[in-house]
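Q: I have a structure open and I am new to it. Can you walk me through the parts that touch each other?

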There are 4 protein chains.
Amino acid sequence: MIKIGILGGSGYTAMELIKILLRHPEVEITCLTTRQETKLHVSEVHPQLAGMLDLRLLPLSASEVAEQCDCVFSCLPHAASASAIHEIIAGGTRVIDFSADYRIWDAELYEQWYQVTHPDPDRLGEVPYGLPELFRDKIRNSQVVANPGCYPTSAILAMAPLVRHSVVDPNSIIFDSKSGVSGAGRNPKLMTHYPECNESIAAYAVGQHRHTPEISQILGSLLSPNTQSNQMANVIFTPHLVPMDRGILTTGYARLAGSDFTAEDAIELFRNDYADEPFVQIVNKPPKTKDVTHTNGCHICVKVVGDYIITLSVIDNLIKGASGAAVQNMNLMFGFDETTALR
Amino acid sequence: MIKIGILGGSGYTAMELIKILLRHPEVEITCLTTRQETKLHVSEVHPQLAGMLDLRLLPLSASEVAEQCDCVFSCLPHAASASAIHEIIAGGTRVIDFSADYRIWDAELYEQWYQVTHPDPDRLGEVPYGLPELFRDKIRNSQVVANPGCYPTSAILAMAPLVRHSVVDPNSIIFDSKSGVSGAGRNPKLMTHYPECNESIAAYAVGQHRHTPEISQILGSLLSPNTQSNQMANVIFTPHLVPMDRGILTTGYARLAGSDFTAEDAIELFRNDYADEPFVQIVNKPPKTKDVTHTNGCHICVKVVGDYIITLSVIDNLIKGASGAAVQNMNLMFGFDETTALR
Amino acid sequence: MIKIGILGGSGYTAMELIKILLRHPEVEITCLTTRQETKLHVSEVHPQLAGMLDLRLLPLSASEVAEQCDCVFSCLPHAASASAIHEIIAGGTRVIDFSADYRIWDAELYEQWYQVTHPDPDRLGEVPYGLPELFRDKIRNSQVVANPGCYPTSAILAMAPLVRHSVVDPNSIIFDSKSGVSGAGRNPKLMTHYPECNESIAAYAVGQHRHTPEISQILGSLLSPNTQSNQMANVIFTPHLVPMDRGILTTGYARLAGSDFTAEDAIELFRNDYADEPFVQIVNKPPKTKDVTHTNGCHICVKVVGDYIITLSVIDNLIKGASGAAVQNMNLMFGFDETTALR
Amino acid sequence: MIKIGILGGSGYTAMELIKILLRHPEVEITCLTTRQETKLHVSEVHPQLAGMLDLRLLPLSASEVAEQCDCVFSCLPHAASASAIHEIIAGGTRVIDFSADYRIWDAELYEQWYQVTHPDPDRLGEVPYGLPELFRDKIRNSQVVANPGCYPTSAILAMAPLVRHSVVDPNSIIFDSKSGVSGAGRNPKLMTHYPECNESIAAYAVGQHRHTPEISQILGSLLSPNTQSNQMANVIFTPHLVPMDRGILTTGYARLAGSDFTAEDAIELFRNDYADEPFVQIVNKPPKTKDVTHTNGCHICVKVVGDYIITLSVIDNLIKGASGAAVQNMNLMFGFDETTALR
């Protein structure tokens with residue numbers, strides 16, 4: 001049994017993470033921290049967990065958690081997360097970071113988008129990007145893993161085969177993403193107040209969402225895969241808030257590089273690239289987010305329309321887009337079957 | 001053209017009120033106040049009003065508003081509202097109060113439920129309860145009207161004929177009410193954060209909701225209608241939050257006083273009592289809240305099951321339950337056709 | 001490994017059942033039947049199952065299924081279900097019946113409410129009502145179990161301790177239930193067409209819902225628990241359709257038999273009665289349906305208001321109200337840990 | 001008072017049309033037809049209209065309606081609509097057609113997308129496309145008007161200024177549209193069954209939606225505005241179904257033709273082009289569909305990101321996208337103020 005600590009236990013990703021870990025036969029959750037009201041029983045914060053986990057959220061420091069645990073999941077905000085992780089890893093504890101802190105490989109780019117000085121810049125570029133479908137081997141051997149953003153997971157999985165095989169112009173890619181509201185976190189604000197966002201859809205952060213450089217960097221890295229280069233694909237990314245709890249649909253558009261590429265070619269390409277992936281399914285009909293909510297799956301459909309290829313990919317933002325992916329990474333890091341607790 | 005002022009212009013009831021008043025040929029909105037961020041254009045606070053009303057929300061005092069207006073709608077919180085109204089009416093301006101301040105006729109009862117000293121206790125019992133279906137004549141001749149609560153409107157209209165005609169035991173009445181989330185106002189809080197209340201229903205304030213004494217008082221007054229007595233009907237009232245924007249369904253249960261009262265009798269009783277009411281419809285099938293949302297209507301259905309009568313009544317909480325009723329009251333107070341701007 | 005067959009595999013309860021059984025280490029799903037379009041792969045009917053189960057829905061007869069399976073779940077409509085079960089049990093296969101066919105112990109009462117002659121009346125009253133919290137021992141030893149209705153599960157669990165201990169007047173009980181739309185099944189009809197039921201709540205089948213006699217019978221049986229008597233509790237039951245996928249909240253009202261029973265007494269009574277139940281939690285705050293959706297849990301809260309006791313109970317209609325309960329029953333019948341695959 | 005007939009009165013667009021027309025001081029609804037169950041009172045089909053309109057739906061022929069009415073709105077399906085209209089117009093009655101029959105100016109193109117022979121091909125190209133913002137003068141003088149599709153209205157209004165002024169490459173345009181479910185009509189089917197489409201988003205008809213040629217044709221016509229030419233803009237159009245009743249958001253992407261065009265230029269261009277339009281608002285923040293639902297407004301926001309321009313436009317699919325636009329067209333055709341009944 002490995003001992004698990006969770007930093008920042010009051011949000012939605014922490015709750016989903018706990019639910020998944022409770023089904024995992026090889027782990028035991030031993031501490032949950034919070035920076036908010038403390039000493040609350042976990043069932044007071046998350047009534048769904050009543051009768052399932054008997055722990056309180058405590059104001060523990062990162063080093064206190066590190067001492068008690070073999071594996072720490074950090075659900076802290078960016079910057080705070082890297083500071084805590086910097087402290088934790090000295091003792092050998094392994095870490096999966098939900099924040100964006102180690103996703104961007106270039107400190108300058110990070111600082112440009114996150115408007116903060118990176119607290120641990122030396123590790124940037126060494127921490128693998130925790131998308132097992134692209135970086136499985138690196139993840140296995142790393143002490144720290146940067147868990148991907150929810151939008152990037154849906155976007156990258158949908159476009160990676162096309163970029164890697166040079167089927168599309170990497171500078172023509174547009175991602176139009178639609179997300180459930182849980183992606184905005186658990187802090188009440190006007191945008192996510194029920195009567196404001198219910199029965200309504202809107203774009204937000206047009207041209208400015210922080211997941212943009214993450215997508216550009218990872219797709220760019222596929223253009224010259226042998227180096228963890230900083231070549232970027234110039235993507236347009238527009239997120240939208242949809243009146244539903246969870247799920248992301250990303251509709252991807254890219255101009256075909258050549259004219260003789262058919263829908264059948266596309267489907268075959270995807271089926272080959274993802275043949276051994278336990279959580280990626282290539283489907284024939286446009287997938288609904290509901291096909292994958294409450295699972296770690298990603299369903300992808302590809303269509304050719306004129307000289308464009310259109311990709312449709314769905315995930316659960318809290319699972320494959322966050323906590324499920326994190327446990328998948330943990331499974332790889334600790335040598336468990338990759339699908340444990342995720343089926 | 002009468003000049004209209006609105007105190008507290010940033011909430012949902014104010015927005016609906018503005019939309020209704022913009023359709024009213026006899027009135028002109030001349031000032032909107034706010035106690036929050038000021039000088040915002042109304043379209044910045046309520047994007048729905050872009051291009052429809054060119055006003056800014058200003059930090060005006062009650063007396064400044066009174067000077068500029070013939071009729072003031074107060075959307076202020078309780079206690080603050082009565083204080084403002086006390087100031088306004090000296091100059092002869094008429095007022096419709098959305099708060100609970102003048103709904104309860106007994107200062108002690110008010111203070112027991114609202115936990116605050118009433119700022120204007122002498123006027124209690126003189127201000128009519130603004131439900132035209134019960135108190136039309138008093139409303140016509142009053143300078144101040146207490147606009148009813150949303151739940152009480154749905155509950156009282158459904159049970160009034162049964163209580164008035166002594167068909168049911170007045171101490172056996174149970175109201176199980178279901179409301180859309182806009183009823184909780186526009187201030188973000190955890191309970192109304194989208195991922196908390198979406199896809200979920202729950203009761204709240206069980207046995208403790210402040211609309212309880214309002215319902216008990218008005219139904220009680222029907223037992224001895226010639227005096228504005230303080231006889232109370234002992235009702236049980238349980239509100240529930242439903243994942244929808246607007247609408248209230250109140251399911252009422254009351255034990256029949258006699259055994260020979262049929263469903264047909266009930267329907268006839270209701271059709272007679274409400275024959276001349278422009279906004280009350282007696283319907284045969286259980287009504288949906290959607291049958292009346294965005295209207296000032298109240299649909300009521302009655303069923304007899306065993307020795308109980310079950311009433312089902314629906315309104316739009318923001319219209320018949322708030323802003324529509326307020327305009328209906330204004331129409332009565334100023335001698336306009338009662339349905340102006342409400343059809 | 002026991003072999004599982006499912007009769008009627010295209011609906012929502014079948015889908016949830018499959019998802020639960022796929023997590024169960026002791027069982028294997030070997031056949032799925034349908035009376036609709038056949039030979040479809042299960043992932044064409046339920047895209048959520050893509051990559052998880054490789055079976056086709058076949059037009060098998062009940063006896064063909066019986067031959068291949070150790071345990072059959074029948075998701076057939078009433079009457080059709082009892083006919084199939086009658087055929088199946090001859091060979092010794094065990095059956096869990098989702099239909100109402102064996103829930104009512106009296107053929108006349110069944111025929112009065114279901115308007116059909118019962119195809120297997122002799123077995124009525126011998127098949128246990130599959131609510132483990134009340135009938136665990138009988139379930140363990142039975143070849144057939146009548147899986148309870150979703151509304152009755154939420155209603156009976158909430159009121160059973162009060163009826164059993166004579167705390168309330170059994171003829172004063174009112175259940176006001178609110179259900180998500182999946183409870184209405186998967187056949188498209190106007191009532192469950194999205195723009196009809198979204199953003200709206202309504203009662204339906206007032207005084208006429210078929211779950212009424214089921215609730216009355218089971219609560220009645222608690223009044224004289226030593227006989228499986230036909231004493232009925234006269235309950236009023238009003239179901240409502242709520243704009244959400246899943247979940248039931250039942251608000252129960254009952255008049256206290258005596259005047260000295262407090263809220264604390266009620267909570268203690270419930271905590272004692274359900275102390276050993278793995279899936280029932282007594283909670284302090286009014287529970288949300290979301291606290292239990294996607295789980296087999298039932299959360300119950302009790303309040304005393306005046307001389308009434310109010311119970312609030314929530315379940316997931318598809319899990320504790322259907323497929324989870326069915327697997328709980330299977331676990332009991334086959335001697336597995338009762339919670340297997342249900343945590 | 002002009003007399004109004006509505007062909008096909010049982011759907012959502014007919015209901016919204018009736019609600020708008022009931023507020024119009026110059027018209028009177030005199031007949032409603034249906035091809036479904038007949039002689040129903042309009043309030044049985046549309047409970048929202050209880051007490052508002054006392055008419056029954058009758059199985060009248062087109063010519064019977066034409067005799068009784070000055071203006072007919074056809075809510076019939078394509079092909080059936082043109083057949084009826086062909087009959088109606090002989091007598092001089094004016095017609096607004098909600099179907100696609102007269103929107104496409106080329107019979108061959110129509111037949112390719114609609115898979116049916118056009119019943120009245122000679123009139124194609126003569127009937128104006130009923131988007132007042134582009135074709136106001138033609139609409140004023142026409143006996144028949146082709147009311148636009150809901151998606152095309154949102155797409156064309158957002159991109160017209162950019163195409164007309166040659167700011168973007170007309171063959172680089174992508175429209176990613178998101179619609180509420182009422183757009184799919186009132187006939188129950190699995191795709192719009194509540195538990196299927198609630199809490200989920202999906203694309204549909206990718207590359208195949210019939211609104212595609214309509215958008216391409218109208219935007220193409222702006223390239224050489226002096227001829228009603230058949231030049232097409234090659235657009236990519238992907239519709240999505242969003243879990244909400246009503247509203248369309250169309251996110252448009254187009255590559256800028258030159259590199260020196262700024263966001264400020266774009267905003268100025270739109271403000272100029274739409275300066276006199278009563279129903280189009282250019283807004284600074286990404287609009288929500290809720291900003292315009294239940295109104296005839298269209299809010300548009302433009303952003304420049306890299307060498308792309310992104311347009312965000314919202315309408316109510318049932319009003320500006322259908323019944324509001326139809327009344328706007330009627331107002332033009334009969335010389336009423338264009339905004340009557342639409343504010």
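**Contacts within and between chains**

A: A starting point in this predicted model is a salt bridge between the side chains of A:Glu277 and A:Arg136, with N to O at 2.7 Å.

Q: Which elements give two or more residues to the side of domain 1 of chain A that touches domain 2 of chain A?

A: They are α1 (12-22), α5 (107-114), α6 (132-140) and α11 (319-333) of chain A. By class, that side of domain 1 of chain A has 14 nonpolar, nine polar and six charged residues.

Q: Back up a bit. Where are the domains in chain A?

A: Domain 1 covers 2-148 + 321-333, and domain 2 covers 151-317. Their C-alpha centres in chain A lie 24 Å apart.

Q: How many residues are in contact between domain 1 of chain A and domain 2 of chain A?

A: On the domain 1 side of chain A there are 29 residues, and they are in contact with 36 residues of domain 2 of chain A.

Q: And what area is buried between domain 1 and domain 2 of chain A?

A: About 2600 Å², with carbon and sulfur atoms giving 54% of that. Within what domain 1 of chain A buries against domain 2 of chain A, A:Tyr12, A:Trp105 and A:Trp113 supply 27%, more than any other three residues.

Q: How many salt bridges are there between domain 1 and domain 2 of chain A, and how many residue pairs in polar contact?

A: The count of salt bridges between domain 1 and domain 2 of chain A is three. For polar contact, 14 residue pairs are found across the interface of these two domains of chain A, both residues being at pLDDT 80 or more.

Q: New topic: chain D and chain A. How many residues are in contact there?

A: 38 residues of chain D are in contact with 38 residues of chain A. The area buried between chain D and chain A is about 3300 Å², and carbon and sulfur atoms give 61% of it.

Q: Which residues of chain D lose the most area to chain A?

A: D:Glu199, D:Ile201 and D:Lys290, which together make up 18% of what the chain D side buries.

Q: How many salt bridges across chain D and chain A?

A: Four. The side chains of A:Lys178 and D:Asp176 meet in a salt bridge, at 2.9 Å from N to O. There are also 24 residue pairs in polar contact between chain D and chain A, both residues at pLDDT 80 or more.

Q: Which elements of chain D supply at least two residues of the side that touches chain A?

A: In chain D they are β7 (174-179), α8 (194-197), β8 (202-203), β9 (236-241), β10 (248-255), β12 (298-305) and β13 (308-315). By class, the side of chain D that touches chain A has 19 nonpolar, nine polar and ten charged residues.

Q: While we are in chain D, which residues of helix α6 are buried?

A: In α6 (residues 132-140) of chain D, the buried residues are D:Pro132, D:Glu133, D:Leu134, D:Phe135, D:Arg136 and D:Ile139.

Q: What do the buried residues of α6(D) pack against?

A: Against β6 (144-146), α7 (150-164), α9 (211-221), β11 (280-282) and α11 (319-334) of chain D.

Q: Now chain C and chain B. What area is buried between them?

A: About 3200 Å² is buried between chain C and chain B, of which carbon and sulfur atoms give 61%. C:Glu199, C:Ile201 and C:Lys290 supply 18% of the area that chain C buries against chain B, more than any other three residues. In terms of contact, 38 residues of chain C meet 38 residues of chain B.

Q: How many salt bridges between chain C and chain B?

A: The count is four. C:Glu196 forms a salt bridge with B:Lys288, where the closest N and O atoms are 3.2 Å apart. Chain C and chain B also have 24 residue pairs in polar contact, both at pLDDT 80 or more.

Q: Where does B:Gly180 lie?

A: In the loop between β7 (174-179) and α8 (194-197) of chain B.

Q: Which residues is B:Gly180 in contact with, leaving aside its neighbours within four places in sequence?

A: B:Gly180 is in contact with B:Leu241, B:Val242, B:Met244, B:Asp245, B:Arg246 and B:Gly247. As for B:Val167, B:Gly180 is 13 residues from B:Val167 in sequence and 31 Å from B:Val167 in space, C-alpha to C-alpha.

Methods. Residues are numbered from 1 along each chain as its sequence is written. Chains are lettered from A and ligands numbered from 1 in the order in which they are written. This is a predicted model: local features need pLDDT of at least 70, side-chain atom pairs count only at pLDDT 80 or more; totals for chains, interfaces and linings use all residues. Side-chain values use heavy atoms; hydrogens and water are left out. Domain bounds come from an automatic or database domain assignment. Contact means heavy atoms within 4.5 Å. Buried area is the accessible area (1.4 Å probe) that two parts lose on being put together, summed over both. A polar contact is a pair of N or O atoms within 3.5 Å; within protein, one must be able to donate a hydrogen and the other to accept it, and residues adjacent in sequence count only if both atoms are side-chain atoms. Helices (H or I, at least four residues) and strands (E, at least two) are DSSP runs, numbered from the N terminus. Ala, Val, Leu, Ile, Met, Phe, Trp, Tyr, Cys and Pro count as nonpolar, Asp, Glu, Lys and Arg as charged, and the others, Gly among them, as polar. Buried means under 20% relative accessible area, exposed over 50%, partly exposed in between (1.4 Å probe, protein chains only).
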